[in-house]
Amino acid sequence: QAFTLLLVSDTLVGYHSADGWDTVLKVIGSHYGLEAEALESPISIFVATVPVGLDVAFKFWVFKELRKLSPSTQVILADIDG
């Protein structure tokens, strides 16, 4: 359970997620005929804001909803966050 939480959160909002978001958005943009140079600024803004929002929403969900189902999850996540 803790491994799954870590895997999902680190994939979407972790240290390496910026490269993943950048790549996915460039691929989607090129699919729709947009050039990579034109996407640099919007992608930078997206990567700087969306993962932070997802991180906040994920942690809110974990601390508010998931602890009702499994109190041990809150203890594990609190240990991880330091």
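1. Is Asp22 buried, exposed or partly exposed? At 23% relative accessibility, Asp22 is partly exposed, since buried means under 20% relative accessible area, exposed over 50%, and partly exposed in between (1.4 Å probe, protein chains only).

2. This is a predicted model, in which local features need pLDDT of at least 70 and side-chain atom pairs count only at pLDDT 80 or more, while totals for chains, interfaces and linings use all residues. Residues are numbered from 1 along each chain as its sequence is written, and side-chain values use heavy atoms, with hydrogens and water left out.

3. Two salt bridges are present in the structure; the term means a side-chain nitrogen of Lys or Arg within 4 Å of a carboxyl oxygen of Asp or Glu. Side chains of opposite charge can pair when their charged atoms come close.

4. Asp22 pairs with Lys26 in a salt bridge, at 3.4 Å from N to O. Both residues belong to helix α2 (residues 17–31) and sit four residues apart, about one turn of the helix. Helices here are DSSP runs (H or I, at least four residues), numbered from the N terminus. Lys26 is partly exposed, at 26% relative accessible area.

5. Lys26 also forms a salt bridge with Glu40, where the closest N and O atoms are 3.1 Å apart. This pair links distant parts of the chain, with Lys26 in helix α2 and Glu40 in helix α3 (residues 36–69), 14 residues apart. Glu40 has a relative accessible area of 36% and is partly exposed.

6. Through shared partners, salt bridges join Asp22, Lys26 and Glu40 into one network.

Terms used:
Helices (H or I, at least four residues) and strands (E, at least two) are DSSP runs, numbered from the N terminus.
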